[in-house]
Amino acid sequence: MSAAGASSAPRPAPPVIAGLLLAAGGGRRLGGRPKALLPYRGRPLVENAVRVLREAGLGPLHVVLGASAAEVRERADLTGCVVVDNPDWAEGMGSSLRAGLASLAGTGACAALVSLVDQPGIGAAAVARVREAYRSPASLAAASYDGERGHPVLFGADRWADIAATATGDKGARVHLARHAGELTLVECGDVAAAFDIDTPPDLARLV
């Protein structure tokens with residue numbers, strides 16, 4: 001093949017890495033204030049989380065809602081997102097993870113990068129770093145902060161079935177991560193993000 005022919009060969013398509021945002025929590029320790037609707041910079045917190053995933057180059061974007069789902073749909077701008085209702089949200093994060101992964105079936109996504117709505121200190125720079133850890137549908141990667149595993153977490157599509165089978169209660173993917181700890185790639189993000197959660201009333205000061 002000539003050099004000209006080689007240079008004109010089509011490049012392989014980039015992998016499709018979906019953004020999966022878990023935003024179903026009812027904010028029990030916040031007096032029952034749904035986390036997706038907490039005010040942040042004048043808008044619902046869920047909009048910030050969607051923006052972060054989009055700026056990090058993820059797509060498609062799937063958002064799992066639960067508590068006050070109808071109100072979230074009405075008040076938050078989720079344009080361009082696939083919104084997934086989780087009627088079992090009160091069972092814990094595991095049910096939202098299962099619902100989100102199920103919604104990605106048939107989308108052609110090679111992996112899902114899972115983030116949480118209540119971590120506004122994690123921006124697009126950290127998410128993009130974890131996204132770049134993708135190597136194959138068997139990839140398993142997570143952000144770390146001073147060496148401690150945190151969010152977001154990237155799950156190659158080959159892992160989704162096992163994660164869904166073991167994600168119960170508030171365990172999320174912890175069972176799968178523990179079983180496959182030796183396969184996990186940690187991506188240090190402590191220099192570009194702060195991994196705090198908005199869980200209790202004192203935490204609300206972090207949204208100001």
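**Salt bridges, sheet and cores in a predicted model**

The side chains of R98 and E91 meet in a salt bridge, at 3.8 Å from N to O. A salt bridge here is a side-chain nitrogen of Lys or Arg within 4 Å of a carboxyl oxygen of Asp or Glu. R98 is partly exposed, with a relative accessible area of 27%, and E91 is partly exposed at 48%. Buried stands for under 20% relative accessible area, exposed for over 50%, and partly exposed for values in between (1.4 Å probe, protein chains only).

The model is predicted: local features need pLDDT of at least 70 and side-chain atom pairs count only at pLDDT 80 or more, while totals for chains, interfaces and linings use all residues. Residues are numbered from 1 along each chain as its sequence is written, and side-chain values use heavy atoms, with hydrogens and water left out.

Side chains of opposite charge can pair when their charged atoms come close. The structure holds 12 salt bridges. One of them joins R51 to E55, with the closest N and O atoms 3.1 Å apart. R51 and E55 lie four residues apart in helix α2 (residues 45-55), so about one helical turn separates them. Helices (H or I, at least four residues) and strands (E, at least two) are DSSP runs, numbered from the N terminus. R51 counts as partly exposed at 32% relative accessibility, and E55 as exposed at 51%.

Another salt bridge is formed by D199 and R29, whose closest N and O atoms are 3.5 Å apart. This pair links distant parts of the chain: D199 is in the segment after β9 (185-188), R29 is in the loop between β1 (17-23) and β2 (39-40), and the two are 170 residues apart. D199 is buried, with a relative accessible area of 19%. Both residues belong to a network of salt bridges that links R29, K35, D118 and D199.

Next comes the sheet. Seven strands form an open sheet in the order β5-β4-β1-β6-β8-β7-β9, with mixed pairing; two strands pair if DSSP finds at least two bridges between them. At the edges are β5 (81-85) and β9, each of which pairs on one side only. Direction ignored, neighbouring strands of this sheet are turned by 25 degrees against each other on average. Axes are lines fitted to C-alpha atoms, for helices over the stretch in contact, and angles run from 0 to 180 degrees between N-to-C directions.

Within the sheet, β1 pairs with strand β4 (residues 61-65) in the parallel sense over five bridges. L22 has V64 in β4 as its bridge partner. Helix α2 packs on the sheet and touches β1, β4, β5 and β6 (111-116), its direction making about 165 degrees with that of β1. Helix α4 (residues 93-103) also packs on the sheet, touching β1, β4, β5 and β6, at about 150 degrees to the direction of β1. Contact means heavy atoms within 4.5 Å.

The largest nonpolar core has 37 residues, and those with the most contacts inside it include L21, L113 and V127. Such a core is a set of buried Ala, Val, Leu, Ile, Met, Phe, Trp, Tyr and Cys residues joined through side-chain atoms within 4.5 Å. Its largest share, five residues, comes from α2. Leaving aside neighbours within four places in sequence, V127 is in contact with V52, L53, A56, L58, L113, I122 and P152. A second, separate core of 23 residues includes L20, L116, A167 and A173.
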